Amino acid sequence: MTRASFALGIAFAAIAAALGCQRAQQQPAIRVASLRDVEGQVLGELLAQVVESTGEARVERRLGLGGSGVVFAAFHAGEVDLVPQYSGTLAEELLREPALTDFPTIRLKVEGLGYEVLGPLGFNNTYGIGVKREVAERFGLRRISDLRGRPWRAGLTPEFRDAVTGLGAMVSTYRLALGDVRTMEHALSYVALARGDVDFVDVYTTDATIRARDLVVLEDDLDVFVRYEGLVLARSGFARRYPRSWAALGQLVGRLSDSTMTRLNGEFEIARRSPSSLAADFLASIGIARSTARSEVAADETQWLRLTLEHVGLVAVSLAMALAIGLPLGWWASQRPAVAKTVLSLVGVIQTIPGIALLCFFIPLFGVGWEPAVYALAAYALLPVVQGVVTGLTQIDASLRDVAAVLGMTDRQRRRRVELPLAAPALIAGIRVAAVINVGTAALAALVGAGGYGTLIVTGLALNDWRVVMLGALPSAGMAVLIHALFAALESRASRWR
Amino acid sequence: MIADLSLALAAGQTHCLLGPSGSGKSTILRSLTGLAAPIRGEVTVLGRRVEPADAAAQREANRSAGLVLQHGGLFPHLTVRDNVVLPAALAGWSRERVERRLTELEALVGLASELRARYPRSLSGGQRQRVALTRALFLDPPLLLLDEPLSGLDPQSRTELQEEMKRLFGSLARTVVLVTHDLPEALFLADTITLLDRGRVAQHGPAETIARHPASEWARAFVRSAAPRWRHMLDLVDGESAR
């Protein structure tokens, strides 16, 4: 057995083992997902603890996934059982009837699609337009109508910009002529507003930040924004399979008023309590017993280690897959110059897809979590690996193959003693680039629920806390530097002769 | 493209395939090891038919040939020592035997043993050719194939190596096939010369005959165009008096 085929064997074994773990893990659990914003994380944790309190099933948390698109895709793919949602979002994105506003009608139609709905939970987290108090006072802004006539600069979430009942409806109904409109992460829009980079932002009306930052929410005097009433969306058959959980979740209906939801959001975003402890306290206060006495501190200390392992795992397994595919593919292509060009441009196309788009592309196929992330990262790492092999093998002086033949080398001896060592520097360089790219791109994997350092970056962004962002970003950067140094050392060892 | 070539080279002598670039001399040399295959006809080396299609058999046969290419054809990732002993390593020689042969050959070829740990990149052109020659001779093959071994060297190391080779070929009494485009080099080293013109044999015979009695207009022109220092000899060939 040659060293190369041995390495391939290890790679395949690693992939198989990793996928095996993944499958074994996801069998008997209720998978709770949520959006990546503050309220999503709080509500998701709340649902998870209610289910856990019944002892009916294990709970797998997939909280803080990307936007609602990712959550719906995961839901469609059968990767998620339970998710907090909003009536307006269901009307627009699930039913494609943005004009629907009446909760019972929406519920009926959604149930008609085979889903199960619990609610309303009691709060309406709709869009609002927030401005700084001093700006509101200076320009006499009380209603959205008052925005007419000036080219205001806006900082908006992508969801608000694209929603039928969002920016478009607001601009046409109020006949606004806006100036510069920028799309940004929700928590960051508050920073942009405070710095004066933008004049208004879209707010979620249950954001605790509105009060904390002393913003004025303009009155929606022409009634553009539909209601976004909190509810629980479940996969079909959930109530039948988990009757106790369903009944327990039913106790939440009507218990989360606007002010309660705003308070809970604030405990997380401003007071920095962990969602698990604030959810436990709230459930205890309304008489739903808390599940287990989990220690917050312990959770925090082990979290970093867990995220590191997740990150390393994502990079290692995806790199192994890229090698398992890329090495033979590159070798095959390098024997045929015309094919090599085609293969390289095909693999190159993958590189042009933005990382987050590629991650989402795999959701319909593999759901959310670890699998789509690993496949996306492997696809990303393919180009540098294939390129490394092709470059390494094609740059070998053809006369050396003649010499090898006249020396009486077998094909195998020529590959091992001549081609592999001569191609090694370019090959290792390709693997180095692939690994470094993957360390960086793996940070995005948190958006599809694959964990890793990206979890801290996403949470930090949602909380607008740079320390949390750095806690994820710095070790990720450090890991990239370390991997770069490691492979650079290997590379110089392999090219001593140059 | 080489057409209607029929050539028999005697064992134990130094033969030179001579001609301008594109005349087919390297292709003929390559056909001796199965690297190039004739569309029709056959090539017999040391009494054995060359079989490019039968890779395993040809591999075995090739072990009885040593090859030196224009820039040596050394493996850049191997040290001088590893390059030189590679044929023995592939043949499964014992350590002591390899060591003995290495020392013996270094003395024979004039290769400094201090170079053993160096990589080819750091050698001069002349040193590289000596290393390549040492490697080609390592298994003491009955056949030596040299493809423009000295072109690309500076005049001094070229002359030096030409003399070295002449001495070596004389003492070893091996069959040598040397490809070159340089008439003086061919005359100096070869017993017989095959003059090639666009894939055809223009003339074949003892080295002296080629130089003194070119058989055609083309051969005459080729001989005439050789290095100026041979001019006086060419004048004699043409029967004109030197100034």
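This is a predicted model: local features need pLDDT of at least 70, side-chain atom pairs count only at pLDDT 80 or more; totals for chains, interfaces and linings use all residues.
## A pair of strands in chain B

In chain B, B:Ile193 has B:Gly205 of β8(B) as its bridge partner. Residues are numbered from 1 along each chain as its sequence is written, while chains are lettered from A and ligands numbered from 1 in the order in which they are written.

Strand β7 (residues 192-197) of chain B runs antiparallel to β8(B), and six bridges join them. Two strands pair if DSSP finds at least two bridges between them. The element names come from DSSP runs numbered from the N terminus: helices are H or I with at least four residues, and strands are E with at least two.

## The sheet around them

Where do these strands sit? They are part of an open sheet of six strands in chain B, in the order β4-β5-β6-β1-β7-β8, with mixed pairing. Its edge strands, β4 (65-68) and β8 (200-206) of chain B, each pair on one side only. From one strand to the next, the twist averages 15° (axes are lines fitted to C-alpha atoms, for helices over the stretch in contact, and angles run from 0 to 180 degrees between N-to-C directions).

## A sheet in chain A

Chain A has an open sheet of five strands, ordered β7-β6-β8-β5-β9, and its pairing is mixed too. At its edges are β7 (181-183) and β9 (215-218) of chain A, each pairing on one side only. On average, neighbouring strands here are turned by 35° against each other, direction ignored.

Inside this sheet, β5 (residues 127-132) and β8 (residues 200-204) of chain A pair in the antiparallel sense over five bridges. Across from A:Gly128 you will find A:Val203 in β8(A).

## Two helices side by side

How do helices α21 (residues 411-441) and α23 (residues 466-494) of chain A meet? Their axes come within 9 Å and cross at roughly 175°. α21(A) and α23(A) are therefore roughly antiparallel to each other (angles under 35 degrees count as roughly parallel, over 145 as roughly antiparallel, 65 to 115 as roughly perpendicular and the rest as oblique).

Among the contact residues are A:Ile428 of α21(A) and A:Phe487 of α23(A); a contact means that C-beta atoms, placed from the backbone, lie within 7 Å.

## Where the chains touch

Between the chains, 16 residues of chain A are in contact with 18 residues of chain B. On the chain A side, the largest share, six residues, comes from α20(A).

Key: Two residues are in contact if their C-beta atoms, placed from the backbone, lie within 7 Å.
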